[in-house]
There are 2 protein chains.
Amino acid sequence: MSDLPSRVHITEEGPREGFQFEKGEIPTARKIELIDALSTTGIGQIQVVSFVHPKAVPQMADAEAVVAGIAPREGVEFIGLWLNVRGLERAMATGKLHLEGSIALTASETFLVRNQKRTFADNLAQQREMAAAYKTAGIPITRGSVMAAFGCNFEGRIPVERVVSQVGDILAVAEEQEERITLLNLSDTMGWATPRGIREVVGAVRERYPELEMSLHLHDTRGMGIANACAGLEMGVAHFDACVGGLGGCPFAGNRAAAGNVCTEDLVFLCRDLGIETGIDLDALIEVAALAEDIVGHPLPGSVKSGGALTSWYA
Amino acid sequence: MSDLPSRVHITEEGPREGFQFEKGEIPTARKIELIDALSTTGIGQIQVVSFVHPKAVPQMADAEAVVAGIAPREGVEFIGLWLNVRGLERAMATGKLHLEGSIALTASETFLVRNQKRTFADNLAQQREMAAAYKTAGIPITRGSVMAAFGCNFEGRIPVERVVSQVGDILAVAEEQEERITLLNLSDTMGWATPRGIREVVGAVRERYPELEMSLHLHDTRGMGIANACAGLEMGVAHFDACVGGLGGCPFAGNRAAAGNVCTEDLVFLCRDLGIETGIDLDALIEVAALAEDIVGHPLPGSVKSGGALTSWYA
């Protein structure tokens, strides 16, 4: 327990990764309603949309309209996701998003080919292009990401050395532009992580690159989400992606799609119990989880919203 | 991780605690069908019924008929639950159950009064009566249990010293009969446990009574179930109660009823990943989880049954 961080930073991804997975069309106004509600809970960063081709992800076709409708709020960064220069240009054009350059590799070549039609080499080249585009645009390159870092539905277990090696590649791509990655995200894209896997991969990356802050993107496909977050916290991880209500998933993961992302309010409950500050009002967040359920029109998997936050006992 | 057990013993409680919570009546034959299916998976112990008054728990009114219908299977112990001498006599009369004497105290007096209309003093006296009845019947007194050990919907946090003190009382009641408790169950009756709470309570009991083996009875009310089990495993706990599919709950816990018990197949998945033997065939167990869903007629909360067990990757 000695490595527990005193403060955890949560990036809320429900509006982007959560809605992306939903089958029914969600009206733009309701997306904005959820984002505005989230921004009142104390969450410091919200990923609101992705700028991808509407044919690939129809739920994100209204990305610009969503961003235009969001009420700015002091202390809240609104961020977006993009996979190419065209997407980056769309994000920049909104004029309302917090922009950071991110270099993203994927640890499973099979998944990469299926999902983005790129080999490892293609992807590295494309990330170099992205790095050059960030530099040109004056956007600092501060973030790295390894997708499928804990396992892959097509390749099975991912060798830890491959993840560590890709982290090295990510740092090198930034250095070529005289930029420096400070936060590295390890993504359990297909829901394979376990507490053992978290310790193994986070441990190996930290041993090789002790100066990097780490972030975890977790799914709850096999019920391990909160246990994985707990293992990450115990390794000192202080940044997590999460989705309110447990929204989300990865629709590109084959017939065993990754189920919901780790649930924001369940993660906040865990942090509060461990004495870790998140800056988030848990009871307000639970109300937003109810709103998210209303918007998607079906129950969401998070537990604290129905089990109760026990806030009066923690006061 | 150094205290991880090499082997974990799971007591399946779906047929008793799981069905007890269900609103619709479940036909006796279907209860037997589930128990028979469970007994083929490698689970070593199944709690099949409780012998309580049918007015209190109508779902258990057919307890004798259920036990009569179960197919005996080598290597599987069928156990029952009772709260008084009348219940014990009913269990003994079946002639088919594995009988062990258990001394059970409850760490919240408010819950005890509401649930069983007994004060701490009443309960201790009644447990002494039970101990005498076990002795008379020639049933060894080997198990202890502290209910509500991690928190209470009516009293809030339970002082750790109270739990340790009740463990002392439990051991003393057995010693008065010249019997010895070897396995102590800590029950998170109302779903309050967190990884921190597990470490705190298990740690305090182990420090005071290092010779006792410990068992955990966990609920997933706030999404902490598997993380709590993981914390227990890391403390060396080698006995767990669990319910297939995540069946179950505690209907006596007030308006915030404890949600499903920790899910057996999710727990087996975790153990397998940690290299811990359970003796259970995970794929067979997942089929039984589907049967359990069919029997109760609604989806159950367990995750591995839908996320997939990844067995071929673990081979």
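Q: Is B:Gly232 buried or exposed, and what is its relative accessible area?

A: In this predicted model, a residue counts as buried when its relative accessible area is under 20%. B:Gly232 has a relative accessible area of 0%, so it is buried.

Q: Where is B:Gly232 placed, and which residues does B:Gly232 touch?

A: B:Gly232 lies in helix 9 of chain B. Not counting residues up to four places away in sequence, B:Gly232 touches B:Ile198, B:Leu216, B:Val237 and B:Phe240.

Q: How many residues of helix 9 of chain B are buried?

A: Ten of the ten residues are buried, so helix 9 of chain B is largely enclosed by the rest of the structure. Among them are B:Gly225, B:Ile226, B:Asn228, B:Cys230 and B:Glu234.

Q: What covers the buried residues of helix 9 of chain B?

A: The cover comes from both chains. It includes helix 8 and helix 9 of chain A, together with helix 8 (195–208), strand 7 (213–217), strand 8 (239–242) and helix 10 of chain B. Just after helix 9 of chain B, B:Gly236 takes a positive phi of about 90°.

Q: Which residues of helix 8 of chain A are buried?

A: The general idea concerns the turn of a helix. An α-helix has 3.6 residues a turn, so residues three or four places apart point the same way. In helix 8 of chain A, the buried residues are A:Pro195, A:Gly197, A:Ile198, A:Arg199, A:Val201, A:Val202, A:Gly203 and A:Val205. Their cover includes helix 7 (160–176), strand 6 (183–187), strand 7 (213–217) and helix 9 (225–234) of chain A, and also helix 9 (225–234) and helix 10 (264–273) of chain B.

Q: What span should helix 8 of chain A have, and how far apart are its end C-alpha atoms?

A: At 1.5 Å a residue, the 14 residues of helix 8 (residues 195–208) of chain A should span 20 Å. The end C-alpha atoms are 20 Å apart, which agrees with that expectation.

Q: Which residues of helix 2 of chain B are buried, and what covers them?

A: In helix 2 (residues 28–38) of chain B, the buried residues are B:Lys31, B:Ile32, B:Leu34, B:Ile35, B:Ala37 and B:Leu38. The elements of chain B that cover them include strand 1 (9–12), helix 1 (14–21), strand 2 (45–51), helix 3 (63–69), strand 3 (77–82) and helix 11 (282–296).

Q: Which residues does B:Trp313 touch?

A: A list of contacts can be read for the chain to which each partner belongs. B:Trp313, in helix 13 (residues 311–314) of chain B, touches A:Cys152, A:Asn153, A:Phe154, A:Glu155, A:Gly156, A:Arg157 and A:Trp192, not counting residues up to four places away in sequence. B:Trp313 is partly exposed, with a relative accessible area of 32%.

Q: Where is A:Asp241, and is A:Asp241 buried or exposed?

A: A:Asp241 is in strand 8 (residues 239–242) of chain A. With a relative accessible area of 7%, A:Asp241 is buried. Leaving aside neighbours within four places in sequence, A:Asp241 is in contact with A:Thr11, A:Glu13, A:Asn185, A:Ser215, A:Leu216, A:His217 and A:Val262. A:Asp241 and A:Leu124 are 117 residues apart in sequence, and their C-alpha atoms are 24 Å apart in space.

Q: Where are A:Lys117 and A:Ala148 found, and is each buried or exposed?

A: A:Lys117 is in the loop between helix 5 (109–116) and helix 6 (120–137) of chain A. Its phi is near 55°, a positive value in a residue other than glycine. A:Lys117 is exposed, with a relative accessible area of 72%. A:Ala148 is in the loop between strand 5 (141–147) and helix 7 of chain A. A:Ala148 also is not a glycine, and has a positive phi of about 55°. At 0% relative accessibility, A:Ala148 counts as buried.

Q: What radius of gyration does chain A have, and what would a compact globule have?

A: With 315 residues, a compact globule would have a radius of gyration near 20 Å; chain A has 18 Å, which agrees. Chain A has 13 helices and eight strands, and 60% of its residues count as buried. Of the contacts in chain A with a separation of 6 or more, 77% come from residues 24 or more positions apart.

Terms used: Residues numbered from 1 in each chain as written. Chains lettered and ligands numbered in written order. Predicted model: local features only at pLDDT ≥ 70, side-chain atom pairs only at ≥ 80, totals over all residues. Heavy atoms only, no water. Helix = DSSP H or I, 4+ residues; strand = E, 2+ residues; numbered from the N terminus. Expected span 1.5 Å × (residues − 1). Buried < 20%, exposed > 50% of the residue type's maximum accessible area, 1.4 Å probe, protein only. Contact = heavy atoms within 4.5 Å. Rg over C-alpha atoms; globule rule 2.2 N^0.38 Å.
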